[in-house]
Each structure stands twice: as structure tokens, then as C-alpha cells.
Amino acid sequence: MPAALDQHLPRDWWTSAVVYQIYPRSFADGDGDGIGDLRGVLDHLDHLEHLGVDVVWLSPVYRSPQDDNGYDISDYHDVDPVFGSLADLDEVVAALHARGIRLVMDLVVNHTSDEHAWFEESRFSRGSDRRDWYWWRPPREGHTGGEPGAEPTDWRSFFSGPAWTWDEATGEYYLHLFSRKQPDLNWENQQVRQAVYAMMRWWLARGVDGFRMDVINLVSKPATLTDGDASHAVVDGPRMHEFLHEMHQEVFAEHPRAFLTVGEMPGVDVDEARRYTDPERQEVDMVFQFEHVDLGIGPGGKFDRVPVTMPQLRESLMRWQTGLAERGWNSLYWDNHDQPRAVSRFGDDDPVWRERSAKTLATVLHTLRGTPYVYQGEELGMTNLPFAGPEELRDIESLNHLAERQAGGASVEELLPGVREVGRDNARTPVQWTAGPGAGFSEGEPWIGVNLNHTEINARAQVGVAGSVLEHYRALIALRHDEPVVARGGVTPLAMEHPDLWAFGRDFGDARLLTLASFTREPISLPEDLLDGWREADVAISTSPEAAAGVQDGGVLLGWESVALVRRG
Ligand code: GLC
């Protein structure tokens, strides 16, 4: 293990860490085929080191038919040729470690690809030794398999259509909560769990530093599968805590190195999250919860949008802050590869306000309590791409949704606004490295459109440039490392009735921090009592010198600006 990695970290070392997510397909293309890869990652390590992040979470690079861009894995022990080789991955691990950065792999074990050998054996015959590794069920009573309505339950897949696919050869259906090429593993079967733990140990032995566990709170299904809302049935299932504790014992408990485990958990609530992350229970270090990113879902589902106000967003995140104050730990994120770009969604991506609002979103997230995640390009203030039409989309979720709704009579014009607003392709346009052709992402034809605004928004224009979004992220990451009050302090929500001001206090020992963030274009006159005792305080960070002066001299917070003040005693 290279010397740059501190091997004597406390168990909860991640409480002062910042994680950077790489979605490899869109990060950087090292071989010119238009698809990002591990050589591309190696080409941009300076960027990560400059930012100062502690951990990289790498979205899946395993062997995969790429039906869901790698979240459909056909071999857990190899790297897909599109991303490189195992040797490249070893090189990434070593190069990150040499810079003091840890690597967390994506762990996708709710399902495999239908091209994984386990599933191929399972589907071979009803008598196969691996039949029980997946969820096989006969057609509904009184129905003939393969006919509409014959599925064992009425569950719908998260990617449209039924959650069951008919297998003609063996006369049964298999369950897939996601695409038909992502059959769900049966975690009730102990051999399945042991195979997963063995695979995890294999990766740890290779030098990786933990796992981000894909939809992990869906792996425990109820004993009998019945009609009704599938999410309701499968979220936080009956044996979920038992399985995670068992995984902890089997994989992490005896291991001498410092790890990070984060469970992606759609539908989890604060109380359940506290149980998952209570250190005494030994399950996972933190969870990704979805409450704040699910706020805009309308009655017709994800693409049916309802407006979300800043106070709603604030109420949700601050409730998680106080809910996990005594026990458990938050992960903090505005976006990732499944969400639209943060500045377009929660900020203001009009060119006049874009940078300020991107920085202000960062100020809020990075001065809260929890472990912040930066999604590639977020640190540049990258925006959504206004996709012109279906031909520009690549994501299976959006494409299946359009196909299903169009078959039901809806027009593309009706459907496009929802997809533009929250479609996952927004996050997957190439990282904008330069103003040059292809944004410096690839010398070939990129697999998905490059945002035209790369001529303005790109890394080269921001690295080392005072006032840039990137340098603001860098300063916030350094602040978390340097100020225990940011990493460890308690949180007090403030001015919660204010429509546009997001304010909170932090405290740790004799240190106090006050974050003030504007979510509007108009200047805000700060409530007098909020500034009591703070006018002489030091500025820990601000989106601009004018913003800091406005607060301290005039009691005014300028449009979309933010300031964090710090004092002792
Ligand atoms: C998670 C991933 C997402 C993927 C899904 C199925 O939500 O983040 O990208 O499509 O799981 O694996």
C-alpha cells in the first residue's frame, strides 16, 4: 500500500471526507472511441487532487452488455473492454492511493445482467442448481404464460412495463425490478449472499476501499409476492437489516483497513436510515436517501413534474440533519448520474446567475453535517442539456418511458418537458474539460451530445481562477478538512419561515459557524437577530467579497450569494 494513504485512520474517518463520483462513460475518453474509460480517469487525476477530494466513487466498470450503462453486470471479476482492463483498474487504484485518494467501487447486487453465467445457468432448466438464485414464478392462476396479465404480480418495473419477463423455454417468469436484462438475485438463498461477500472480499484484496451499494435496500423481498405497489413491497424488506449486518461481519469486521460503505436506498425514511447507519448495529456507514430529490414527483410518476419550493427542499434536508444528529450519519448530495444537474434544478442556470447559484448550492451542502458527494461536472457548474428530441436521448429509463407512453397515445411534445427536466441523460453529457471540440472529452464522436455551453463552462477556464465555481468547491472541501465545526459540529436550523433565505448554525466546542444562503435574485435584508454577535466574525467562506461585505456591513445578502461566518467563544 503506497505511503500516501494514512493507514491509521479512526473508524469514522469519512466524517471529514468529501467523495467525488466518476461516471466513467462520461468522464474522459482516453482511446478516442467516444466513450469515457479508465485511461481517461488516469489522465485527469490532477483535477481530483487539485479539488482536494478524499475518495472517488467509481460507477460500474465491470463487464456488462451496457443495457443500463454498466448497472447490468455479466462478470463481477473483470472490467468491460469499453472501459479498459483489470490492469488499468489496478493502475487507477495505485495512482489514486499515491495521491492520498481512496477508491470506492459500485456494488450492484440487487440484480445481475441476464448475460451473467449465474442467470444463464438459472434459466437453463427448472432443475438447475442455480434456479433458486433468481426469482422464478409460474403464471398467475388461470392464465397462460406470456399473455398480457399473466404475470405473477402486477408489479411494474422502474424502467416501465411489467417487472416480470416470460421465459418460454422453462415456462416461468423471472422478476426484474429494473430492465428485463437485469434479473433480481434471490438474497433469501444463502449461496447467493456468500457469493456476493466472496466477490466483495476479492475486490478489497485488490486494494479498493469500500463500496457504494446500488439500490441495496431492495434486496430483501417479502416471503410471498403479492399484487400492489412494488416499491412498497420491496423497500426495506423484512430481512434487510439482518443481511447488511451479515455482510458487515463477513466482509468488513475483521479487515484491518479503513473502509467506506454507503447504501443507496430509495424510499428510505429518517428513522430507518438511523438504524442502517447506527455504528453500534454494524450495517453501513451512511445511506443515500432520496427524499429531497423525489419532492417533484407528480401523481403520474417521476416524469410528471410538480413544482418544488426552496422551503420544501430545506424542510426535507434539515429534518434529515436533525433526525441523524445523535445517531447515524448523512450523505449529502444535490445530484449524481441519475439526477438532473443541480444548478438547473435547484439553482438558477440563467447565465447571469449560474455561477453564483452553483456556488451557493455548494456552500449549503458543504457546510451541513454529513459526507458531501460531488458529482463530476457539478464542481464546474455544468447545466442540463435541452435535448431537442428522442434521437438525442440515450438512457433506457427515458426511452422506455417515451415508448410506453407514446404507445398509450401521448405525443412526444407532451412527454419531452418532463424528460428534459429530470431525465438522467442530463447528468451524463460529457464532462466539459476545455472550450475546444468535444469539450476535450474525446477525440472521437462522443456517445451522447456535448453541451454547447462548454465554450463557457469548462475546467480549463476555472482551475486556479479566483471566484470560479471550481475554486469555490475546492475552498469548501479544504474548509471541511480544516474546521472540525464543519465536519463534526451540531446543526441548528434558522429562519425556517423565510421564503428565500437558507440559514443554519453549526457548533463544536467553542466554535460556531453561521451559513447564510440566498435562493433568489433579489437582495435579502437579513433578520436583525440572525446577525447578533456575528458582525465582527471571520468569513469562513463566501461566494464573493461583495457578498461578505454586504452581510457584515449592510445586513444584506445579495441575490444567489452565500456566506459562512465563523467565531470562537
Ligand atoms: C441505481 C443506479 C441506477 C441504476 C439502478 C439499477 O439506482 O444508480 O443508475 O439504473 O440502480 O441498477
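The legends below describe close-up views of a predicted model.

**View 1. The largest pocket and its lining.**
The largest pocket has a volume of about 1,300 Å³. Its lining is made up of 49 residues, and those closest to the pocket centre are Phe158, Ser231, Ile297, Lys302 and Glu397. Sorted by class, the lining residues are 18 nonpolar, 14 polar and 17 charged. Rolling a probe the size of a water molecule over the atoms shows where empty space is left.

**View 2. The largest pocket in relation to the domains.**
The largest pocket lies between domain 1 and domain 2, because both give residues to its lining. Domain 1 consists of the segments 13-110, 190-385 and 429-455, while domain 2 covers 111-184.

**View 3. A network of salt bridges that includes Lys302 and Glu397.**
Salt bridges link Asp68, Lys302, Asp338, Asp395, Glu397, Arg424 and Arg428 in a network. Two of these residues, Lys302 and Glu397, are also among the residues closest to the centre of the largest pocket. Over the whole structure, the search finds 43 salt bridges. Side chains of opposite charge can pair when their charged atoms come close.

**View 4. The salt bridge between Asp167 and Arg123.**
The side chains of Asp167 and Arg123 form a salt bridge with an N to O distance of 3.7 Å. Asp167 belongs to strand β7 (residues 164-167) and Arg123 to helix α5 (residues 117-124), so this pair ties together parts that are 44 residues apart in sequence. Asp167 is buried, at a relative accessible area of 7%, whereas Arg123 is partly exposed, at 27%.

**View 5. The salt bridge between Glu250 and Arg201.**
In the salt bridge of Glu250 with Arg201, the closest N and O atoms are 3.5 Å apart. The pair ties together parts that are 49 residues apart in sequence, because Glu250 lies in helix α8 (residues 240-252) and Arg201 in helix α6 (residues 190-205). Glu250 is partly exposed, with a relative accessibility of 32%. Arg201 is also partly exposed, with a value of 33%.

**View 6. The salt bridge between Arg281 and Glu283.**
A salt bridge joins the side chains of Arg281 and Glu283, with N to O at 3.0 Å. Arg281 counts as partly exposed, at 31% relative accessibility. Glu283 has a relative accessible area of 6%, so this residue falls under the 20% cut-off and is buried.

Strands of a sheet pair through backbone hydrogen bonds, either parallel or antiparallel.

**View 7. Strand β10 and its two partners.**
Strand β10 (residues 260-264) pairs with β11 in the parallel sense over 3 bridges. Strand β9 (residues 210-213) also runs parallel to β10, and 4 bridges join the two. On the β11 side, Val262 has Met286 as its bridge partner, and Gly263 has Val287. Met213 stands opposite Gly263 as well.

**View 8. The two faces of strand β10.**
In a regular strand the side chains alternate between the two faces of the sheet. On one side of β10 are Leu260, Val262 and Glu264, on the other Thr261 and Gly263, and all are buried. Strand β10 is largely enclosed by the rest of the structure, because 5 of its 5 residues are buried.

Definitions and conventions. Residues numbered from 1 in each chain as written. Predicted model: local features only at pLDDT ≥ 70, side-chain atom pairs only at ≥ 80, totals over all residues. Heavy atoms only, no water. 1 Å grid on protein atoms, 1.4 Å probe; cavity = no way out; pocket = protein on both sides within 12 Å on 5 of 7 lines; lining within 4 Å. Points joined across faces, edges and corners; volume = space filled by probe spheres on them. Nonpolar A, V, L, I, M, F, W, Y, C, P; charged D, E, K, R; others polar. Domains from an automatic or database assignment. Salt bridge = Lys/Arg side-chain N within 4 Å of Asp/Glu carboxyl O. Buried < 20%, exposed > 50% of the residue type's maximum accessible area, 1.4 Å probe, protein only. Pairing = 2+ DSSP bridges.
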